[in-house]
Amino acid sequence: MSGYQMDDKSSVVEPSKPRLLEILGPGLVTGASDDDPSGIATYSQAGAQFGYLASWTLVFTYPLMVAVQMISARIGRTTGRGLAGSMAKCYPRWVGVSVTVPLLVANVINLGADLGAMGDAAHLLLNGNSLVYVAAFGVICILLQLLLKYKRYVAVLKWLSLALLSYIATLFVVHVDWSTFSRGLLMPTFKADPNYWSMIVAIFGTTISPYLFFWQASQEAEDLKEKPREQPLVDHPREAEKANTRITLDTVIGMAASNIVALAIITTTAATLNKAGSTNIESSVDAAKAIEPLAGPFAKIIFATGIIGTGLLAVPVLAGSAAYAVGEAARWKVGLSREPSEAKAFYTTVGLATIVGMLLNFTPIAPMKALFWSAVINGVVAVPVMVILMLIASNRDVMQQFVIGKGLSAVGWTSCLAMFAAVIGMAVTAFF
């Protein structure tokens with residue numbers, strides 16, 4: 001009888017435990033990695049060059065990025081495969097190659113620029129040789145993925161997401177013109193200026209970025225391997241309601257965190273650099289350096305620290321998403337939950353992507369320009385990837401009864417059109 005009572009008591013106590021950190025997983029990590037040093041540079045340049053004018057893009061992109069990331073997650077959870085794996089099931093090999101090759105190139109450029117930004121930030125805080133820091137950060141990111149067990153690795157990524165709080169903290173040490181801020185946030189501004197449209201595409205490419213689609217879908221599939229009681233929804237449809245509720249909450253919170261932090265960065269640099277007439281950021285730490293005389297050394301320190309923290313989160317995500325995409329397209333054994341000896345080609349791709357990105361910093365390419373243009377490349381590459389994503393999510397042969405509904409489909413296709421319009425706007429204004 002006492003044994004029965006103990007079991008009954010445990011069954012009552014268990015649901016009362018806080019479960020938010022368990023619910024927040026791929027969506028939180030994806031949203032946090034979205035504010036990588038590339039994103040920080042893009043948002044800083046937007047605030048410095050255009051003040052509060054570009055703030056509206058973060059309100060506009062929020063429902064779009066939530067929809068696209070939610071669709072990506074549902075594909076992974078429903079099929080038990082990543083996005084590239086689903087592509088391989090639906091389309092000829094050349095389709096997968098045409099998507100994964102530019103994704104790999106963009107990721108390596110983005111990854112290298114992120115490492116460069118981290119090295120410069122470490123130099124700003126500690127002095128020393130920035131290239132030595134670049135190499136050290138690259139090695140750390142490779143070892144994170146090689147040596148940590150999957151559950152511990154995911155836990156580390158969640159804790160690293162706290163680095164984003166540093167940018168919200170800067171708002172408490174700068175003077176914001178809230179009236180101008182509100183107009184920029186709520187009233188979209190359009191300018192016949194190619195630089196402005198390049199910035200809009202860069203912001204879109206940073207907030208709605210292809211590597212995020214691949215990462216979140218793959219992590220949903222990875223989580224199934226770590227939870228034997230859970231299976232792909234096509235095999236166990238009874239789990240659908242619970243799984244989709246979790247995905248929705250995880251994605252909504254993760255993307256909200258991402259855009260709130262992005263807005264904090266634009267607002268900080270608009271209130272300081274733009275107001276002071278410093279409209280051009282030439283290096284990855286120019287924003288932090290320029291903020292110091294305007295907002296004090298504390299702002300510089302937390303800005304630079306945020307670059308390092310978010311970089312340690314984003315670099316493994318960039319390398320990992322590239323490896324997932326290439327590996328699934330090539331039908332390798334993939335997954336961070338596998339031992340390196342089980343998935344040698346996958347882990348080799350992770351290592352090579354990080355090493356090549358690291359080596360880019362030993363070339364004369366300006367890190368800030370690489371950061372900005374990697375975001376623009378992501379904006380352009382995102383269009384065909386998003387179209388394929390939507391087609392897969394609407395394909396009954398793949399998703400069976402779990403094809404996305406009309407509402408989510410409408411927002412997803414709106415995301416595709418918005419990204420396409422931004423790219424066309426940049427091309428047209430540049431031509432004329």
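Which residues form one aromatic cluster? Trp-56, Phe-60, Phe-190, Trp-197 and Phe-204 do. The model is predicted. Its protein chain has 20 helices and 0 strands.

**The chain overall**
- The protein chain holds 432 residues, and 57% of them count as buried.
- Its accessible surface comes to about 18100 Å². Carbon and sulfur atoms account for 66% of that surface.
- Take the contacts between residues at least 6 apart in sequence: 85% of these join residues at least 24 apart.

**Aromatic pairs: Phe-60 with Phe-204**
- The structure holds 10 aromatic pairs.
- One of them joins Phe-60 and Phe-204, with ring centres 6.1 Å apart. The ring planes stand at 35 degrees, so this pair is tilted.
- The partners come from distant parts of the chain, 144 residues apart. Phe-60 belongs to helix H5 (residues 56-79), and Phe-204 belongs to helix H12 (residues 194-207).
- Phe-60 has a relative accessible area of 36%, so Phe-60 is partly exposed.
- Phe-204 has 3% relative accessibility and therefore counts as buried.
- Both Phe-60 and Phe-204 belong to the aromatic cluster, alongside Trp-56, Phe-190 and Trp-197.

**Aromatic pairs: Trp-215 with Tyr-324**
- The ring centres of Trp-215 and Tyr-324 are 6.2 Å apart. Their planes stand at 70 degrees, so the pair is edge-to-face; the cut-off for that class is over 60.
- Trp-215 and Tyr-324 are buried.

**Where H13 meets H16**
- Helix H13 (residues 210-226) packs against helix H16 (residues 297-329). Their axes are 9 Å apart, at an angle of about 75 degrees.
- The two helices are therefore roughly perpendicular to each other.
- On the H13 side, the contact is made by Tyr-211, Phe-214, Trp-215, Ser-218, Gln-219 and Glu-222.
- On the H16 side, the contact is made by Pro-316, Val-317, Leu-318, Gly-320, Ser-321, Tyr-324, Ala-325 and Glu-328.
- By type, the contact residues are 8 nonpolar, 4 polar and 2 charged.
- Trp-215 and Tyr-324, the edge-to-face pair, are both among these contact residues.

**Met-87 and its neighbours**
- Met-87 sits in helix H6 (residues 83-90).
- Its relative accessibility is 2%, so Met-87 counts as buried.
- Leaving out residues up to four places away in sequence, Met-87 touches Val-99, Phe-214, Ile-388 and Ile-392. Of these, Phe-214 also takes part in the contact of H13 with H16.
- Met-87 and Leu-391 are 304 residues apart along the chain, yet their C-alpha atoms are separated by 9.8 Å.

**Positive phi outside glycine**
- Arg-331 is not a glycine, yet its phi is positive, about 65 degrees.
- Arg-331 lies in the loop between H16 and helix H17 (344-360). With 53% relative accessibility, Arg-331 counts as exposed.
- Gln-400 is another residue other than glycine with a positive phi, near 55 degrees.
- Gln-400 lies in the loop between helix H19 (396-399) and helix H20 (406-431). At 35% relative accessibility, Gln-400 counts as partly exposed.

Key: Residues are numbered from 1 along each chain as its sequence is written. This is a predicted model: local features need pLDDT of at least 70, side-chain atom pairs count only at pLDDT 80 or more; totals for chains, interfaces and linings use all residues. Side-chain values use heavy atoms; hydrogens and water are left out. Axes are lines fitted to C-alpha atoms, for helices over the stretch in contact, and angles run from 0 to 180 degrees between N-to-C directions. Helices (H or I, at least four residues) and strands (E, at least two) are DSSP runs, numbered from the N terminus. Angles under 35 degrees count as roughly parallel, over 145 as roughly antiparallel, 65 to 115 as roughly perpendicular and the rest as oblique. Contact means heavy atoms within 4.5 Å. Ala, Val, Leu, Ile, Met, Phe, Trp, Tyr, Cys and Pro count as nonpolar, Asp, Glu, Lys and Arg as charged, and the others, Gly among them, as polar. Buried means under 20% relative accessible area, exposed over 50%, partly exposed in between (1.4 Å probe, protein chains only). Rings of Phe, Tyr and Trp (its six-membered ring) pair if their centres lie within 6.5 Å; planes under 30 degrees apart count as stacked, over 60 as edge-to-face and the rest as tilted. Accessible areas come from the Shrake-Rupley method with a 1.4 Å probe; for residues, only the protein chains shown count as cover.
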